Each structure stands twice: as C-alpha cells, then as structure tokens.
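Me: I've got a chain here and I'd like to go through it with you. Can you take my questions one at a time?

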Amino acid sequence: MPKQKKPSKGDSVTLCVSKGSVHAPDGYDQKVVVSAESDSSYAEMTLYEWKDGEWSKSFSCDATVGKNGGISSNNSESNTLTPKGTFRLGVVLTTKQLDTKKKMYLANADTVVCDDTSSPYYNQIGQKSAFGSYHTDPVGKKLVNNVNNALIFIEHNGDGFSSTGVSKNNSSVITICGCNSSISPTNGCIDISASNMNKLLSLLDESKNPHITTEVK
C-alpha cells in the first residue's frame, strides 16, 4: 500500500464532523418531560426527540398534576400525587382510531382499570366483568362520554396487562388525559387539553420507545 502524503501548507483538507449516536443512550428516542415547581399542581409538558446526537424540543404545552402536592415519589393509592420518575409510555386508550403511531386499545363504556389493592388485577386494564366485584376506575365511560378524548397509560406500576412489576402500594390508573373541558389539578394523572393530546399523539412513535419523565424543578 502506498504511503499517504502528509498535508502541506496550502493543501485543502476535508473535515468529517460526527453528529453523535443515532440513538439516545438511555434506550428511548422520544421523551415527554413534565416539570412542576415543588408542591405545585401546574406544570409544563415538553416532548423531546433524539436528533443528530442531542435532544431536540418538538412540542410543549400546559399541564396539571396531583392536587395534593404535585409531583412526588411518596405515592400510595390514597394520596393525590403524580408519581415522580422516568417511565415508559404505554397503550393509548381511545374509542376510535387516532392519528398516532402509538399502540391503541379501543375502549367502550365497560372498559375499566382495577384500582383495588386487594385484587390480583390491580392496575390492569380490561372489561368490568373480568374483574368481578373488585373496585375499578371507569375510564371507558370517561371516553364514551367525551370527558376525555384519549388516555395514555403510564407504565409507572406495571404495563397495564399483567401483574408483573406491580406494587400494591404505588398508586394506580396514572395516565396522561386529554380533557375536553378546562384542565385542573388531578388525583394523580397528568391533564392536558384534548387539542394538545391530539398534537402529542400525532408526534409519538412506538418505534422510538417513548418514555415520560416527571420532575420537580
């Protein structure tokens, strides 16, 4: 192999600049960040995407969180706090097909999430009849009655379809809710307007493994 000529003064040199890793180091290429002041129930939601080796803002909107102190790691079934941490964004509950690349669960009036800590189905999504007499949250009725246009299940305590990874003392039915009326402090969920939910869903992509981070500023 011939020796490469060393550059001399006046030679043109081509520089190749790396744009960084194609994928984010944490294993997901989309993240929704919800930030609130300490003890505040009012927050900002921002969607970021990993592009050219860095996080780039795609969308931002107002949000509300838990009415009894905002975002906290001190969670239980009885308090009204939004869980603090980083979690996978799970299935989208809706009554109709939506413009999104996220996985959807088509709900009806009998679709519920079990919020009974004595139940083996705790924090699981299903039909009311499957959970017997255990107490449930009627998420399907909220969708059918247009209280919400869509709900994104947050996998802070299991994936919503099995008991794997579920803790009975870590709260249940925590979702991002698209609200058809004005948003207000919640029982632990994250509320945004229905129009902002539509925008968020149009940008989320299952192949980018979207996660959510809830944090105190």
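Reply: Helices (H or I, at least four residues) and strands (E, at least two) are DSSP runs, numbered from the N terminus. This is a predicted model, where local features need pLDDT of at least 70, side-chain atom pairs count only at pLDDT 80 or more, and totals for chains, interfaces and linings use all residues. Residues are numbered from 1 along each chain as its sequence is written, and side-chain values use heavy atoms, with hydrogens and water left out.

Me: How many helices and strands are there in the chain?
Reply: Going by those DSSP runs, the chain has two helices and 14 strands.

Me: What radius of gyration does the chain have?
Reply: The radius is taken over C-alpha atoms, and the globule rule is 2.2 Å times the number of residues to the power 0.38. The C-alpha trace spans about 85 × 35 × 30 Å along its principal axes. A compact globule of 217 residues would come out near 17 Å, but the chain has 21 Å.

Me: Which residues touch the most other members of the largest nonpolar core?
Reply: A nonpolar core is a set of buried Ala, Val, Leu, Ile, Met, Phe, Trp, Tyr and Cys residues joined through side-chain atoms within 4.5 Å. Buried means under 20% relative accessible area, exposed over 50%, partly exposed in between (1.4 Å probe, protein chains only). Of the 27 residues in the largest core, the ones touching the most other members are M45 and I176.

Me: Which core includes V91 and V139?
Reply: V91 and V139 sit with L143 and C189, among others, in a group of 13 residues. That group is a second, separate core.

Me: Is T46 buried or exposed?
Reply: T46 is found in strand β2. Leaving out residues up to four places away in sequence, T46 touches K31, V32, V33, K57, F59 and S60 (contact means heavy atoms within 4.5 Å). With a relative accessible area of 5%, T46 is buried.

Me: In β9, which residue is the bridge partner of T111?
Reply: Two strands pair if DSSP finds at least two bridges between them. Three bridges join β8 (residues 111–114) to β9 (residues 125–127), and these strands run antiparallel. The β9 partner of T111 is Q127.

Me: And in β10, which residue is the bridge partner of V113?
Reply: β8 also pairs with β10 (residues 136–137) in the antiparallel sense, over two bridges. T111 and V113 point one way from β8, V112 and C114 the other way, and all are buried. The β10 partner of V113 is D137.
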